[in-house]
Amino acid sequence: MLAYRHAFHAGNPGDLLKHWVLSEALALLNQKKKPWCAFDTHAGAGVYALTQRIGGRLPEEWRDGVGRFWAAQAEAPAAFATFRSILNAFNPDGTMTVYPGSPAIARFLMRADLPDRLYCFERHPTDGEALRQLFARDPRVSVTLADGWQAAVKRMPPPVRRGIVFVDPSYEGAKDYGAVMPFVREVRRRFPQAVVMVWYPLLKRYEVPILVRRLRNVLPEDHLWVELAVTAPPKSGWGMYGSGLVVLQPPYGLHERLQEGLTWLHGLLAQPNAPEPRVESRTR
Ligand SMILES: C[S@@+](CC[C@H](N)C(=O)[O-])C[C@H]1O[C@@H](n2cnc3c(N)ncnc32)[C@H](O)[C@@H]1O
């Protein structure tokens, strides 16, 4: 049940998409001098060493994701400026060895002169403990070792009513697909101002299109939907061929940034037979 370790997947194409979108969304919130809070319901270990073995295995998936991005970053459109600056701050000697996960990205984008806050939830004892140690001396970050579906809503509404709820489960079994909608509805009830970002894998599972359709109907007039496939959908089997995000109440300007960068990212990561990337938004 707790077999999933994000370290093996850190920096893969799915991570690249979600972390680019998260970075841009927070950077847009930073344009106003008002504090924000970020909830990371499935936070992982925080940072990942890409060149160290875990249980005898080296992580490899990053080579087709952030490895390509790192090599081509000088050509990246301006829409990647924030994400690039974060990657470079974590790898100051010019070699990509450390990949910042979502909590590290949110922490990086907090402003010193405003009371921005980060609430992290992680259920895996090893990754949760690593995350707790990472932020042990940081009063602006709280790390709760618990089920994020249950524990995150208990902290809502937060004192700062402006922010992002980042929902990034591992979708190991069917359970996570079923947990997303009740969770999102509860977030909408308790913290209606929140930008809610839900990442999902592109897999040949019937639950995926159902989830996307339901999410897009929570706030049908105000959401953004982005999908990046990196290979053709497999003719058989369950392999992941890309990923997507639904963003409810996206910050103003996010759609344009994603439009500006998505085609370039697709050209960088996708095989020639992969479907075209998509980004759509509906606004009030
Ligand atoms: C896709 S990874 C998260 C990666 C992280 N959000 C990032 O972007 O760097 C999913 C994480 O959720 C954790 N997890 C699985 N079920 C959980 C639950 N019910 N509550 C909290 N964390 C959970 C897993 O241990 C794993 O670390």
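Trainee: With which residues is H223 in contact, leaving aside its neighbours within four places in sequence?
Mentor: H223 is in contact with R216, V247, L248, Q249, P250, E280, S281 and R282. The word contact stands for heavy atoms within 4.5 Å. Before we go on, please remember that this is a predicted model, where local features need pLDDT of at least 70 and side-chain atom pairs count only at pLDDT 80 or more, while totals for chains, interfaces and linings use all residues. Residues are numbered from 1 along each chain as its sequence is written, and side-chain values use heavy atoms, leaving out hydrogens and water.

Trainee: Why is H223 called buried?
Mentor: Buried means under 20% relative accessible area, exposed means over 50%, and partly exposed is in between (1.4 Å probe, protein chains only). H223 has a relative accessible area of 0%, so the word buried applies.

Trainee: What makes the pair of H223 and R216 a polar contact?
Mentor: A polar contact is a pair of N or O atoms within 3.5 Å; within protein, one must be able to donate a hydrogen and the other to accept it, and residues adjacent in sequence count only if both atoms are side-chain atoms. The side chains of H223 and R216 make such a contact at 3.0 Å, which is within the limit.

Trainee: In which strand is H223 found?
Mentor: H223 belongs to β8, residues 223-229. Helices (H or I, at least four residues) and strands (E, at least two) are DSSP runs, numbered from the N terminus.

Trainee: How do you know that L118 is buried?
Mentor: L118 has 1% relative accessibility, so it counts as buried. This residue sits in strand β4, residues 117-122. Beyond its neighbours within four places in sequence, L118 is in contact with several residues, including A38, D40, F135 and V141.

Trainee: What makes Y171 and Q249 stand out?
Mentor: Most residues other than glycine have a negative phi, and most peptide bonds are trans. Y171 is not a glycine, yet its phi is positive, about 50°. Q249 is not a glycine either, and its phi is about 55°. Y171 lies in the loop between β6 and α7 (174-190), and Q249 in the loop between β9 (242-248) and α9 (254-269). Both pass as buried, because Y171 has a relative accessible area of 5% and Q249 one of 15%.

Trainee: Which residues are joined by a cis peptide bond?
Mentor: M156 and P157 are, with omega about 0°. P157 is in the loop between α6 (148-154) and β6 (163-167).

Trainee: How many residues surround the ligand?
Mentor: There are 20, and the closest are H19, H42, E122, G148 and D168. A residue is near a molecule if one of its heavy atoms lies within 4 Å of it. By class, the shell has 5 nonpolar, 10 polar and 5 charged residues. Here Ala, Val, Leu, Ile, Met, Phe, Trp, Tyr, Cys and Pro count as nonpolar, Asp, Glu, Lys and Arg as charged, and the others, Gly among them, as polar.

Trainee: What lies 2.8 Å from a nitrogen atom of the ligand?
Mentor: A polar side-chain atom of D168 does. An N or O atom in the side chain of D147 is 2.9 Å from a ligand nitrogen, and a backbone N or O atom of R123 lies 3.2 Å from one. Taken alone the ligand exposes 600 Å², and the protein buries 97% of that. Such areas come from the Shrake-Rupley method with a 1.4 Å probe; for residues, only the protein chains shown count as cover.

Trainee: Why does D168 count as buried?
Mentor: Its relative accessible area is 11%, which is below the 20% limit. The side chain of D168 also makes a polar contact with that of K18 (3.1 Å). UniProt places the feature "active site" at D168, in an unreviewed entry; its positions are given in the numbering used here, feature names are shortened, and annotations may be inferred rather than shown by experiment.
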